[in-house]
Amino acid sequence: MSPLAPDVLQRLLSASLAARAHAHVPYSHYAVGAAILDEHGAVHAGCNIENAAYPQGWCAEATALGAMVMAGGKRATAVLVSGPGPDVITPCGGCRQKLREFGDDNLLVIAADPSGVRQSWTLGQLLPASFGPDHLAHASEHSAD
Ligand code: THU
């Protein structure tokens with residue numbers, strides 16, 4: 001299912017499930033963990049953090065991306081997202097775009113739950129024809145200003 005080495009996959013799974021245990025989910029009770037593998041092989045994890053003002057809550061992937069950036073990671077090569085099961089969790093649309101900022105179509109997205117890994121995709125499969133940093137980098141000669 002996954003081209004990752006088994007030990008790396010296990011590190012991601014352990015980190016994601018450990019992060020999930022910290023989820024602040026008093027409203028949905030839907031705890032999520034995320035663990036990102038960066039370009040150096042380091043793993044950065046996060047959980048979802050909800051808020052009494054509902055729209056102010058955020059997803060586990062966002063917490064994990066923040067941890068990666070703060071640790072100096074620049075690129076995401078894989079992310080393992082863990083939910084409660086039994087349905088296979090899949091990153092929300094907003095998180096797909098957030099991941100796109102730090103990864104390309106080949107970014108491996110793995111879904112898991114406490115029973116283990118369930119499914120995987122590439123970001124290109126989850127977010128086809130995506131808008132990304134290259135669009136801005138290549139736009140200068142046609143910009144309106
Ligand atoms: N959630 C995530 O953390 N990541 C996703 O990709 C899907 C949804 C969270 C947001 C909210 O706290 C809870 O799951 C229910 O939507």
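Is Asp113 buried or exposed? The structure here is a predicted model, in which local features need pLDDT of at least 70 and side-chain atom pairs count only at pLDDT 80 or more, while totals for chains, interfaces and linings use all residues. Residues are numbered from 1 along each chain as its sequence is written, and side-chain values use heavy atoms, with hydrogens and water left out.

Asp113 turns out to be buried, with a relative accessible area of 4%; the scale runs from buried (under 20%) through partly exposed to exposed (over 50%), using a 1.4 Å probe and protein chains only. The residue sits in strand β4, where strands (E, at least two residues) and helices (H or I, at least four) are DSSP runs numbered from the N terminus. Its side chain makes a polar contact with the side chain of Arg118 at 2.5 Å. A polar contact here is a pair of N or O atoms within 3.5 Å; within protein, one must be able to donate a hydrogen and the other to accept it, and residues adjacent in sequence count only if both atoms are side-chain atoms. Leaving out residues up to four places away in sequence, Asp113 touches Leu17, Gly83, Pro84, Gly85, Pro86 and Arg118, with contact meaning heavy atoms within 4.5 Å.

Pro86 belongs to the loop between β3 and α3 (93-100). Most residues other than glycine have a negative phi, and most peptide bonds are trans. His29, not a glycine, has a positive phi of about 55°; this residue is in the loop between α1 and β1 and is exposed at 62% relative accessible area. Ala129 also has a positive phi, about 50°, and lies in the loop between α4 and α5 (133-137), exposed at 85%.

On to the packing. The largest nonpolar core has 19 residues, and Ile36, Val79, Leu99, Leu107, Val109 and Leu123 touch the most other members. Such a core is a set of buried Ala, Val, Leu, Ile, Met, Phe, Trp, Tyr and Cys residues joined through side-chain atoms within 4.5 Å. At least two residues each come from β1 (33-38), α2 (60-70), β3 (76-82), β4 (108-113) and α4 (123-126), with α2 giving the most, four. A second, separate core of 13 residues includes Leu9, Ala78, Leu108 and Ala112.

There is one aromatic pair in the structure. The ring centres of Tyr27 and Tyr54 are 5.3 Å apart and their planes are at 45°, so the pair counts as tilted. Rings of Phe, Tyr and Trp (its six-membered ring) pair if their centres lie within 6.5 Å, and planes under 30 degrees apart are stacked, over 60 edge-to-face and the rest tilted. Tyr27 is partly exposed at 38%, whereas Tyr54 is exposed at 60%.

An oxygen atom of the ligand is 2.9 Å from a polar side-chain atom of Asn48, and a ligand oxygen lies 2.5 Å from an N or O atom in the side chain of Glu50. Cys92 places a backbone N or O atom 3.0 Å from an oxygen atom of the ligand. Taken alone, the ligand exposes 380 Å², of which the protein buries 77% (Shrake-Rupley areas, 1.4 Å probe; for residues, only the protein chains shown count as cover).
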